[in-house]
Amino acid sequence: MKVFVNKRIPEIGIHMLKDAGLEVFIPEHENLSQDEWLSYCKSHDVILSVGGEFKYDKDFFAECPNIKAIALYSVGFDHVDIQEANHRHIPVGNTPDVLSKATSDVAFLLMQSVARRASYNFEKVKSGNWGDFDPLHALGQELYGKTLGIFGLGRIGFEMAKKSLKAFDMNIIYHNRHQNTEAEEELNATYVSFEELIAQSDVLSIHANFRPEQKELFNTSVFEKMKENAIFINTARGGFHNQKDLYNALAEKKIWGAGLDVTNPEPIFKEDPILELSNVCVLPHIGSATIEARNGMAKLAAENLIAFSKGEKMPTCANPEVYSQNS
Ligand SMILES: NC(=O)c1ccc[n+]([C@@H]2O[C@H](COP(=O)([O-])OP(=O)(O)OC[C@H]3O[C@@H](n4cnc5c(N)ncnc54)[C@H](O)[C@@H]3O)[C@@H](O)[C@H]2O)c1
Ligand SMILES: O=C(O)[C@H](O)CO
């Protein structure tokens with residue numbers, strides 16, 4: 001079976017594929033054009049897909065009917081038309097759990113960085129402006145006993161809530177598609193409406209899996225209902241927030257600050273005025289960027305394709321319903 005891997009991944013995954021007898025192709029250069037990527041897809045059986053820039057939509061599946069399975073090197077699958085994949089009986093593997101702690105660590109990092117104005121103070125030092133001890137300048141806020149609101153309390157949201165409770169004894173509230181009884185029992189989390197989540201959160205952290213119908217759900221109508229001391233954190237998908245509205249809310253100090261590991265658009269334009277604000281910290285989508293998480297993702301993606309090559313179910317599949325469909 002011929003595997004197209006569009007970008008280098010940790011060697012452990014490649015070795016696993018080759019040891020299982022699969023033929024692996026990785027292009028010499030990584031920044032493929034859409035045409036180059038499509039041409040490679042057309043000449044292989046399955047894809048180990050890294051990144052979200054290439055969309056697996058209806059047009060793709062129509063152009064590449066040869067593709068029998070896709071193993072994503074991510075847990076998010078919003079760049080895949082799952083309905084179309086199901087229609088074509090194509091399993092789509094993903095990489096849950098192995099990156100949950102690492103990604104929640106970045107949300108936790110952003111929460112603290114914004115609360116204590118780390119970026120602003122670091123920029124001051126870099127510009128040679130250490131400044132005299134000033135009891136009233138650039139003060140941060142403490143998080144102890146504050147309310148953490150989680151939008152989308154799943155695997156990563158759970159880890160974020162757990163470490164925030166443990167470190168700062170934060171009160172956990174959440175809004176989800178369905179109740180998370182484990183979080184309610186283990187973290188004393190309280191299920192609230194979307195409106196209550198916005199109004200009550202001192203820190204609002206987005207951890208839902210993105211769907212197009214939720215585009216820019218977090219916009220001026222939300223930011224104006226948040227507390228003035230509120231911190232907005234997004235490590236899920238940039239599509240969840242309207243970045244111009246967020247800039248306005250931050251510039252007008254309607255909210256305390258924002259920490260982003262995902263932006264809208266992504267990558268962010270270096271001229272984006274949000275980068276000039278002193279109450280913002282932006283990271284370049286590094287949630288899963290640890291040695292441990294990226295190795296774990298490589299192993300999972302390889303295991304998914306190896307299982308497929310043996311006619312078995314993928315261990316971690318974004319569309320498990322594909323296995324119960326009538327042929
Ligand atoms: N920044 C990064 O590098 C990085 C890394 C990994 C994952 N992510 C993002 O984080 C997302 C979550 O990953 P996960 O493993 O925790 O997924 P998950 O499926 O375990 O959790 C997502 C939760 O969101 C809830 N949800 C979805 N839509 C909702 C809505 N409209 N309203 C309320 N709740 C909703 C679901 O019920 C689920 O509980 C991924 O889909 C991905 O987009 C980002
Ligand atoms: O969804 C994920 O795993 C991350 O965003 C990396 O794409």
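## Close-up views of a predicted model

**View 1. The seven-stranded sheet.** Seven strands make up an open sheet in this view, running in the order β8-β7-β6-β9-β10-β11-β12 with parallel pairing. At the edges you will find β8 (190–191) and β12 (280–282), and each has a single partner strand, so one side of each is left without a neighbour in the sheet. Keep in mind, here and in every view that follows, that the model is predicted.

**View 2. Strands β6 and β9, side by side.** Zooming in on one pair from that sheet, we meet strand β6 (residues 147–151) and strand β9 (residues 203–206), which pair in the parallel sense over four bridges. For a handy landmark, look for G149, which stands opposite L204 in β9. Which strands does helix α11 touch where it packs on the sheet? Helix α11 (residues 243–251) touches β10 (231–234), β11 (257–260) and β12. If you like to check angles, the direction of α11 makes about 145° with that of β11.

**View 3. The surroundings of ligand 1.** Ligand 1 is surrounded by 25 residues, and the closest are R155, I156, Q214, T235 and D261. In T235 it is a backbone N or O atom that lies 2.9 Å from a nitrogen atom of ligand 1. In D261 an N or O atom of the side chain is 2.9 Å from a nitrogen atom of ligand 1. The side chain of H285 also takes part, with an N or O atom 3.4 Å from an oxygen atom of ligand 1. How much of ligand 1 does the protein bury? Taken alone, ligand 1 exposes 860 Å², and the protein buries 90% of that. Sorted by class, the shell around ligand 1 holds seven nonpolar, 14 polar and four charged residues.

**View 4. The surroundings of ligand 2.** Here the residues around the ligand are S74, V75, G76, L99, R237 and H285. R237 reaches in with its side chain, placing a polar atom 2.8 Å from an oxygen atom of ligand 2. On its own, ligand 2 has 230 Å² of accessible area, of which the protein covers 79%. By class, its shell is made of two nonpolar, three polar and one charged residues.

View 5. Where in the chain do P265 and P267 sit? P265 has its place in the loop between β11 and β12, and P267 is found in the loop between β11 and β12 too. The peptide bond from N264 to P265 is cis, with omega near 10°. A cis peptide bond also joins E266 and P267, this time with omega about 0°.

View 6. Another open sheet has five strands in the order β2-β1-β3-β4-β5, with parallel pairing. Its edges are formed by β2 (23–25) and β5, each with a single partner strand, so one side of each is left without a neighbour in the sheet. Strand β4 (residues 69–72) pairs with β5 in the parallel sense over two bridges, and A71 stands opposite G93 in β5. The loop between α4 (82–87) and β5 (92–93) is the place of H89. Worth a look is the backbone of H89, where phi is near 55°, a positive value in a residue other than glycine.

Conventions: Residues are numbered from 1 along each chain as its sequence is written. Chains are lettered from A and ligands numbered from 1 in the order in which they are written. This is a predicted model: local features need pLDDT of at least 70, side-chain atom pairs count only at pLDDT 80 or more; totals for chains, interfaces and linings use all residues. Side-chain values use heavy atoms; hydrogens and water are left out. Two strands pair if DSSP finds at least two bridges between them. Contact means heavy atoms within 4.5 Å. Axes are lines fitted to C-alpha atoms, for helices over the stretch in contact, and angles run from 0 to 180 degrees between N-to-C directions. A residue is near a molecule or strand if one of its heavy atoms lies within 4 Å of it. A polar contact is a pair of N or O atoms within 3.5 Å; within protein, one must be able to donate a hydrogen and the other to accept it, and residues adjacent in sequence count only if both atoms are side-chain atoms. Accessible areas come from the Shrake-Rupley method with a 1.4 Å probe; for residues, only the protein chains shown count as cover. Ala, Val, Leu, Ile, Met, Phe, Trp, Tyr, Cys and Pro count as nonpolar, Asp, Glu, Lys and Arg as charged, and the others, Gly among them, as polar.
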